[in-house]
Amino acid sequence: MTRPLIGITTSDQKSHLAWWFDWFAVWRHGGKPLRLSPSRPQPESLDGLIIGGGDDIQAHLYGGEVQLDVRLDPARDELELALLERFIPLHTPVLGICRGAQLINVHLGGTLDPDIYTTHEGIKRRRTVLPRKTVDIVGASKLHRLLGVTWCRVNSLHHQAVYQTGRGIEIVARDRDGLVQGIESREHDFLIGVQWHPEWLIFNRPQQRLIRALVAASQRHARKSVQNR
């Protein structure tokens, strides 16, 4: 069976180690990973799409206040918004990871909490690739069905989060501080965003089910595309 082509967005400066985790997460479950960044040629078609983690999103895209002490990547913002504009209407399966979840929400008209540590007092600062944060999953959600659990332990590398949801977006996971950790679309078969990094949790079965589900959905999408030609 042909592996479905799954684009994974990154910055032009992403480390080889970080990209290896992205690549391996998709490849091990039967997908063909393709790195997408501002300087790389873009494919004519994709079977699936991962909007990956990375720098902050430009504040003007969601009506927020400009933060002076954050890293931005305007070229990547432009690339990813264009990809979502192109592939969401085609019902291409899309998974947003960390920044990617936020970008999906912004693309659909939602807003972000610009810095969770200044807007929420007393939140413990966590920045780790290890599963140290507990997240509760809404029952009967797509995310719950795919992960197969009602709660899970995840890593945490973010200081921003989804605030007001965009068009058709539902909040389906929160951490124990009440911050949004998972979103999904009511209007799309597979348009899901998680605030953590499942690609780093290579021995965590629920997180690997999520990646596997994206690859399987991409395979089905590829078959439909062939049948409709």
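Gln 208 touches Arg 28, His 29, Pro 198, Leu 201 and Ile 202, leaving out residues up to four places away in sequence; contact here means heavy atoms within 4.5 Å. Gln 208 lies in helix α6, where helices (H or I, at least four residues) and strands (E, at least two) are DSSP runs numbered from the N terminus. Gln 208 is buried, at a relative accessible area of 5%; buried means under 20% relative accessible area, exposed over 50%, and partly exposed in between, with a 1.4 Å probe and protein chains only. A polar atom of the Gln 208 side chain lies 2.9 Å from the backbone oxygen of Leu 201.

A word on the basis of these values. This is a predicted model, in which local features need pLDDT of at least 70 and side-chain atom pairs count only at pLDDT 80 or more, while totals for chains, interfaces and linings use all residues. Residues are numbered from 1 along each chain as its sequence is written, and side-chain values use heavy atoms, with hydrogens and water left out.

I turn to the core. Setting aside neighbours within four places in sequence, the contacts of Phe 190 include Leu 95, Leu 146, Leu 210 and Leu 214.

Next, the sheet. Its 9 strands form an open sheet in the order β2-β1-β3-β4-β11-β10-β9-β6-β7, with mixed pairing; two strands pair if DSSP finds at least two bridges between them. The edge strands, β2 (32-36) and β7 (151-156), each pair on one side only.

Finally, the aromatic residues. Which residues form one aromatic cluster? They are Trp 20, Phe 21, Trp 23, Phe 24, Trp 27 and Trp 200. Rings of Phe, Tyr and Trp (its six-membered ring) pair if their centres lie within 6.5 Å; planes under 30 degrees apart count as stacked, over 60 as edge-to-face and the rest as tilted. By this rule there are 5 aromatic pairs. Trp 20 and Phe 21 are edge-to-face, 5.2 Å centre to centre with 90° between the planes. Trp 20 is partly exposed at 40% relative accessibility, whereas Phe 21 is buried at 13%. Trp 20 and Phe 24 are stacked, 5.0 Å centre to centre with 5° between the planes.

Notes
A polar contact is a pair of N or O atoms within 3.5 Å; within protein, one must be able to donate a hydrogen and the other to accept it, and residues adjacent in sequence count only if both atoms are side-chain atoms.
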